[in-house]
Amino acid sequence: MISKEQKAEIVAKYGENTNDSGKSEVQIAILTARISDITKHLSTKKKDNHSRRGLIMLVSKRRKLLDYLKKNHIERYRAIVAALGLRK
């Protein structure tokens, strides 16, 4: 679980202002933070299947947002992928 301060920091970094949490880049960055948090949790709790299902849902939601950006705003897609280091 990410804290309010971490979420506000992500919104400030990727949004245009501090209240811009609906922008696709902000949503992708928040999902990425949550995904990394749950991944750390699952590395120690291997049998936590409920959290694993939640992780899969978050990854698919992030994938859908990335597909939207790639389809409609390729420059923004490339920028967010480079900033978050999602592709190799």
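Set aside the neighbours of L66 within four places in sequence, and L66 is in contact (heavy atoms within 4.5 Å) with I28, Y77, I80, V81 and L86. This is a predicted model, where local features need pLDDT of at least 70, side-chain atom pairs count only at pLDDT 80 or more, and totals for chains, interfaces and linings use all residues. Residues are numbered from 1 along each chain as its sequence is written, and side-chain values use heavy atoms, with hydrogens and water left out.

Now step back to the whole protein. It has four helices and zero strands. From the N terminus on, the order of elements is α-α-α-α. The C-alpha trace spans about 40 × 30 × 20 Å along its principal axes. The protein has 88 residues, and 30% of them are buried. Buried means under 20% relative accessible area, exposed means over 50%, and partly exposed lies in between, with a 1.4 Å probe and protein chains only. The accessible surface comes to about 6,500 Å², and carbon and sulfur atoms hold 53% of it. These areas come from the Shrake-Rupley method with a 1.4 Å probe; for residues, only the protein chains shown count as cover. Take the contacts between residues at least 6 apart in sequence: 45% of them join residues at least 24 apart.

The largest nonpolar core has 20 residues. Such a core is a set of buried Ala, Val, Leu, Ile, Met, Phe, Trp, Tyr and Cys residues joined through side-chain atoms within 4.5 Å. I10, Y14, I28, I30, L66 and I80 have the most contacts inside this core. The elements that give two or more residues to the core are α1 (4-14), α2 (24-44), α3 (49-72) and α4 (74-84). Helix α2 gives the most, with eight residues. In soluble globular proteins, nonpolar side chains tend to be buried together.

Follow α2 to L42, which lies in this helix. L42 is buried, because its relative accessible area is 7%. Not counting residues up to four places away in sequence, L42 touches D48, S51, R52 and L55. R62 is 20 residues from L42 along the chain, and their C-alpha atoms are separated by 19 Å.

Go back to the start of the chain. I2 sits in the segment before α1. I2 counts as buried because its relative accessibility is 16%. Beyond its neighbours within four places in sequence, I2 is in contact with K7, I30, A33, R34 and D37. I2 and R34 are 32 residues apart in sequence, but 6.5 Å apart in space, C-alpha to C-alpha.

Helix α2 gives the most to the lining, with four residues. By class, the lining has four nonpolar, two polar and three charged residues. Ala, Val, Leu, Ile, Met, Phe, Trp, Tyr, Cys and Pro count as nonpolar, Asp, Glu, Lys and Arg as charged, and the others, Gly among them, as polar.

Leaving aside neighbours within four places in sequence, D20 is in contact with V11, G15 and V26. On the same terms, K23 is in contact with Y14, G15, E16 and R76. The C-alpha atoms of D20 and A8, 12 residues apart along the chain, are separated by 9.9 Å. K23 and V11 are 12 residues apart in sequence and 9.0 Å apart in space, C-alpha to C-alpha.
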